[in-house]
Amino acid sequence: MTKLLKYMTVAAVLLAVCGPLKAVAGEADTVGVTVKEKPALRNVKVKMNALVAIGVVNPAVEFKVMDNFTVQMEALGVFYSSNFLGTGKPLVLGSSFFEFRYYPKEEFKGFFVAPNIGWGVYKLNKGLVLRYTDQYDWDCYQQGSNIMAGITIGYTFNINEKWSVELAWGGGFQHSRYTGFGRENDNEPYEMYVGLNSSAEWPPFYKGGIFIGYRF
């Protein structure tokens, strides 16, 4: 009976000591997990070009594909049927672009460079293009489609982990096929003055602006 009482006393002491130790250890494990938990990765960013204020609708979405690299897809729409920014010339177009970005420092942060490709349809007066500013001063427009390929460079300023401001500039080569229409005065209908034609240029700028971004 004495031995049984002795064993029961030892067991009670061990239980009293080990119980709290186990609880403390469990709490430590929980704290460790909480400390080591990483925030959710923000690998997608949506953007809108600030030029929307003058009628240039240019949304974009950017995805991280690996460390220091992202891809961006964007759409561009302008809808001035007769008087683009007071020039008296039409500019209606829809374009889409794809680019593969490299950030030397970190994806979505700082300087970046990216090859880009694009495709579009348009109705415009070619006098709006830098190369032809001294031409096409009469009432005419060109309507067709084009392909573009070049380089985009820019810089992303991160306001916080979600919001950013991005400056971007893209240009390179473009090739278009179009038909031309014109008229002598406002009382006449537009008539075709040139059939299907083609044109190739190296415009220094065909995309870009100031983008406000939100990262998910």
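Trainee: Let's start in S5. Which residue there is the bridge partner of Leu-76?
Mentor: Ser-95 is the S5 partner of Leu-76. Keep in mind that this is a predicted model.

Trainee: Okay. How many bridges join S4 to S5, and which way do the strands run?
Mentor: Twelve bridges hold strand S4, residues 69–80, to S5, and the two run antiparallel.

Trainee: And on to S6, what's the pairing like with S5?
Mentor: Antiparallel again, with ten bridges between S5 (residues 91–102) and S6 (residues 110–124). To find your way around, Phe-97 has Gly-118 as its bridge partner in S6, and Tyr-102 stands opposite Val-113.

Trainee: What does S6 do with S7?
Mentor: S6 and S7 pair in the antiparallel sense over 15 bridges. There, Ile-117 stands opposite Ala-149 of S7.

Trainee: Why the every-other-residue pattern?
Mentor: Because side chains in a regular strand alternate between the two faces of the sheet.

Trainee: How far apart are Glu-62 and Lys-47?
Mentor: Their closest N and O atoms are 2.7 Å apart, in a salt bridge. Glu-62 comes from S3 and Lys-47 from S1, 15 residues apart. Glu-62 and Lys-47 are buried too.

Trainee: How many salt bridges are there in the structure?
Mentor: The structure holds 13. Another one is Arg-183 with Asp-186, at 3.7 Å between the closest N and O atoms. Arg-183 counts as buried because its relative accessibility is 18%, while Asp-186 is exposed at 62%.

Trainee: New topic: the nonpolar patch. Which strand gives the largest share?
Mentor: S7, with four residues. S7 (140–158), S8 (163–182) and S10 (207–215) each supply at least two. The patch has about 1200 Å² of accessible area together, and its members include Phe-111, Trp-163, Trp-169 and Tyr-155.

Trainee: Where is Tyr-155, and how does its accessibility count?
Mentor: Tyr-155 is in S7. At 38% relative accessibility, Tyr-155 counts as partly exposed.

Conventions
Residues numbered from 1 in each chain as written. Predicted model: local features only at pLDDT ≥ 70, side-chain atom pairs only at ≥ 80, totals over all residues. Heavy atoms only, no water. Patch = residues over 30% accessible without salt bridge, like charges linked within 9 Å, V, L, I, M, F, W, Y side chains within 5 Å. Areas by Shrake-Rupley, 256 points an atom, 1.4 Å probe, with all protein chains shown as cover. Salt bridge = Lys/Arg side-chain N within 4 Å of Asp/Glu carboxyl O. Buried < 20%, exposed > 50% of the residue type's maximum accessible area, 1.4 Å probe, protein only. Pairing = 2+ DSSP bridges.
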